[in-house]
Amino acid sequence: MAAHSRGPRDHLVASLGGIFGDRLRSVVAYRLDRTESLSSLALVSSLTAADLDVCAARAHGWQREGIATPLILPEEEFRRSFDAFPLEYAEIIRAHEALFGANPFAGVTIERTDLRRACETQIKSHLVHLREGFIEAGGTPRAIAELVAASAPAFGALLRNIARLNGSSTHDRAAATRDGARAAQIPDAVVTDILALERPSALKATDAAKLFPEYLAAVEQLARYVDAWNV
């Protein structure tokens, strides 16, 4: 996890402590993407509409400090939602740092069956999105290129989720992406070309459009893989 200055961390903990007092149980920071904002999860013993009003009043100040809007959850709700958000929590577990209170992820295990189901939902939704987007592009190369480029980060996330499904615990983003691709038998060249589009200047629009058939085939392969996956 890339290091942030202690300033935003300390400011966040102090701010949440001022809002929730002794109801604040845990705060963890994490980073899931390439943005510089500090993402966080805060667990509280109770959460009311009045609390949300106070948090809303702090939102602009948090943004100025480089703090993304915290994910604030009541403890009991959090503990009952691992099966509903297994991919999201698994990623936070991988990338988190405890800032205050007990580590809420100590001893937590995400069930593989929940991970597989979530992977299937994401992959098949991505596949439907690609097919619909291609039709809506009407054969226009620029529109197809924009579809491919805009969805490239999500494709990388799908591959990392497949890696996680197979037990990968690496903190290296690129390594996790490659692990997932290898597990699903996605050609390296396709992965390299699609993920290069996360850098907008990497390829010309016409080049990105030409990648669509192989890209679609790769996502179809991911769908077949997750369908056949067994613990």
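**Group meeting: a predicted chain and its contacts**

Let me start with Leu-52, which is partly exposed at a relative accessible area of 48%, where partly exposed lies between buried, under 20% relative accessible area, and exposed, over 50%, with a 1.4 Å probe and protein chains only. Leu-52 sits in helix α2, residues 49-64, and its C-alpha atom is separated by 9.4 Å from that of Ile-72, 20 residues apart along the chain.

Residues are numbered from 1 along each chain as its sequence is written, and side-chain values use heavy atoms, with hydrogens and water left out.

Now the chain as a whole. Its secondary structure comes to 10 helices and 4 strands, these being DSSP runs numbered from the N terminus, with helices as H or I of at least four residues and strands as E of at least two. Along the sequence the pattern reads α-β-β-α-β-α-α-β-α-α-α-α-α-α, and the C-alpha trace spans about 55 × 40 × 30 Å along its principal axes. Of the 231 residues, 44% are buried. If we take contacts, meaning heavy atoms within 4.5 Å, between residues at least 6 apart in sequence, 71% of them join residues at least 24 apart.

How many aromatic pairs does a search of the whole structure find? The search finds 8, where rings of Phe, Tyr and Trp (its six-membered ring) pair if their centres lie within 6.5 Å, and planes under 30 degrees apart count as stacked, over 60 as edge-to-face and the rest as tilted. One of them joins Phe-78 and Phe-82, edge-to-face at 5.0 Å centre to centre with 70° between the planes, and both of these residues are buried. Phe-78 also pairs with Phe-105, with ring centres 5.6 Å apart and planes at 75°, so this pair too is edge-to-face. Because Phe-78 lies in helix α3 (residues 75-79) and Phe-105 in the loop between β4 (96-101) and α5 (112-137), the pair ties together parts that are 27 residues apart in sequence. Phe-105 is buried, as is Phe-78, and ring pairs link Phe-78, Phe-82, Phe-85, Tyr-89 and Phe-105 into a cluster.

Next, helix packing. The axes of α5 and helix α10 (residues 212-228) come within 9 Å and cross at roughly 155°, the axes being lines fitted to C-alpha atoms over the stretch in contact, with angles from 0 to 180 degrees between N-to-C directions. That makes α5 roughly antiparallel to α10, since angles over 145 degrees count as roughly antiparallel, under 35 as roughly parallel, 65 to 115 as roughly perpendicular and the rest as oblique. Residues making the contact include Cys-119, Ile-123 and Leu-127 of α5 and Tyr-215, Leu-216 and Val-219 of α10.

Leaving aside its neighbours within four places in sequence, Asn-161 is in contact with Leu-87, Cys-119 and Gln-122.

I will end with Gln-185, in the loop between α7 (173-183) and α8 (188-196). Most residues other than glycine have a negative phi, yet Gln-185 has a positive phi of about 60° although it is not a glycine. Gln-185 is exposed, with a relative accessible area of 66%.

Conventions:
This is a predicted model: local features need pLDDT of at least 70, side-chain atom pairs count only at pLDDT 80 or more; totals for chains, interfaces and linings use all residues.
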